[in-house]
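Here are my notes on the model you asked me to look over. Have it open next to you while you read.

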Amino acid sequence: MPDTAPLQTTSHPHSVEYFDVLIVGAGISGIGAAYHLTTQCPDKSLVVLENEETFGGTWWTHRYPGIRSDSDLHTFGYRFKPWRGAPIATAEEILSYMGEVIAENDLARHIRYRHHITHASWDSQTKLWTLEVLDKATGLPRRFTGKFLYMCQGYYRHRQGYMPEWPNMAAYQGQLVHSEEWPEGLDYTDKRVLVIGSGASAATIIPAMAAKAAHVVMLQRSPTFFRVGRNAIEIAEELRTLGVSEDWIHEITRRKILFEQDKFAKMSFSQPDKVKEALLDGIRGIVGQDYDIATHFTPRYRPWRQRVAFVPDGDLFHGIAQGKASVVTDEIERFSEKGVVTKSGRELAADIIVAATGFHLNVLGDIAFEIDGKPLDFHETVTYRGMMFTGIPNMVWVFGYFRASWTLRADLVGDFVCKLLKHMDATGKEQVEVALRPEDHNMPILPWIDPENFNPGYLMRGLHLLPQRGDKPEWMHNQDYWAEKDEFPKIDLNDAAFVYR
Ligand SMILES: Cc1cc2nc3c(=O)[nH]c(=O)nc-3n(C[C@H](O)[C@H](O)[C@H](O)COP(=O)(O)OP(=O)(O)OC[C@H]3O[C@@H](n4cnc5c(N)ncnc54)[C@H](O)[C@@H]3O)c2cc1C
């Protein structure tokens, strides 16, 4: 649940403020949204409301050892702000980059920190959104109204990770922590550590902890795909040596990375076995030919059905090769006093168990939504290109890419919102919502994402909370940057899918 008590609905808001655009969240999406609005729609007033005490979202709330990106910062960074460092960046480096964006564009004046939004309601009479907010600094309720709601709340609940229930957990005498709720100052020097999970977080935590711990075991139910490579991009290094400007380096490097990612994604579908072998070869090259790659690093799914985590400089695998870390592929049967007992009957003793077991999906920021007095059931809606929803007026949300960097989509959505707002001004409309057109009425309505295409656990657990989709590109949440980069700028705002009032 949110980390603050819900607002007393009977209390009177201390103040009511109006802004043309209300942005929810000051993560990479929300700061990007503020940038796009101030540069492309400078006449719009805006406020960014953020629950935490500072900006950064994911990069601020995650505190586990070694926290870093798993995609390159040339594409995870904004298209408008060159990234100058190594492609895989620490949370601290990402926060510092975002801080520069805020300072260079004078965005701080738009942001209200420690503002926790609990309710959002749309009124078709006034054509306004009203947000009920708890100002955590004063404990007072506040109310914000605005014409347009720009949801940049991310996709998971911060500071409360997903912890599966295993039998006998209470018996464990050591320290159990979740990667999303890292205890400050946790000392793991010379400790035996067991990390449950093998996703991107586990792949980061293990080499970082292995440096100080006695030994780290990665316990996974099933293997994950990893890509090993140098934490450097040759073309960027070469252009820098040639004295090319950082703007150009950023643009050229982005194009090169995106070109290669596109090739990789396409090959994952057309030649999955070849891609699989190439990925496994990268690991084999470090852990050696004799290592049991078949058991520990050969996933049961096709590459790209889940995000392929990049392991910079192969640090996870060097840890394994050096004996500082090891992998157990098995299922937990129960916890014991000393650690966990697996289904094959092995007891894995540990002083610290780290659950890197994923997220709770957070749909619409855990905010209670109402449309004209009626509680919103988000699952009843159909998505327009994964950013607008039938029956929800004047609202866009940012849900980025998984196969490419999240921010690529945040930038595209930013352009779309600004184009939409300008169009509404030019045509004198105050309300827009998307609706199925006559030709869409026989369209099959499907779950939000096709599990055959992409199926991480938190999405599969939360499909019933997410909007639905159709089978036409405009009614789908597409994970294809390479198609959307051309399609988004051409969206026809006069199409019958957009209903204006
Ligand atoms: C550990 C980790 C590593 C990742 N690495 C990558 C990567 O390398 N590449 C990639 O593409 N993606 C990565 N992702 C996915 C990542 O979350 C996104 O790429 C991106 O950071 C999301 O940014 P965001 O601003 O949309 O959301 P978030 O970072 O989640 O920020 C949302 C903000 O909204 C605020 N908020 C939410 N609800 C409310 C509310 N009710 N009231 C007020 N404020 C609210 C939150 O406090 C938060 O600050 C990673 C995710 C994790 C957890």
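Predicted model: local features only at pLDDT ≥ 70, side-chain atom pairs only at ≥ 80, totals over all residues.

1. Now the contact between the domains. Domain 1 puts in 31 residues, and these touch 34 residues of domain 2. On the domain 1 side, helix H3 (73–76) and helix H12 (457–462) are the elements that give two or more residues. That side of domain 1 counts 16 nonpolar, eight polar and seven charged residues.

2. Next, the ligand. Its shell holds 32 residues, and the closest are Gly25, Gly27, Gly57, Gly154 and Trp406. Which elements give two or more residues to this shell? They are H1 and strand E4 (115–123). H1 gives the most, with three residues. By class, the shell around the ligand has 18 polar, 10 nonpolar and four charged residues.

3. The axes of H1 (residues 28–40) and H4 (residues 91–104) come within 11 Å and cross at roughly 20 degrees. Angles under 35 degrees count as roughly parallel, so the two helices, H1 and H4, are roughly parallel to each other. The crossing of H1 past H4 is left-handed. From H1, the contact uses Ile28, Ile31 and Tyr35, and from H4 it uses Met98, Val101 and Ile102. The contact of H1 with H4 has six nonpolar residues, with no polar and no charged ones.

4. The other pair is H6 (residues 234–241) with H7 (residues 246–270). Their axes come within 9 Å and cross at roughly 155 degrees. Are H6 and H7 roughly parallel or roughly antiparallel? The cut-off for roughly antiparallel is over 145 degrees, and H6 and H7 are therefore roughly antiparallel to each other. H6 passes H7 in a right-handed crossing.

5. By class, the contact of H6 with H7 comes out as six nonpolar, one polar and two charged.

Key: Residues numbered from 1 in each chain as written. Axes fitted to C-alpha atoms, helices over the stretch in contact; angles between N-to-C directions. Helix = DSSP H or I, 4+ residues; strand = E, 2+ residues; numbered from the N terminus. Parallel < 35°, antiparallel > 145°, perpendicular 65-115°, else oblique. Left-handed = near helix turned anticlockwise from the far one by under 90°. Contact = placed C-beta atoms within 7 Å. Nonpolar A, V, L, I, M, F, W, Y, C, P; charged D, E, K, R; others polar. Near = placed C-beta within 6 Å.
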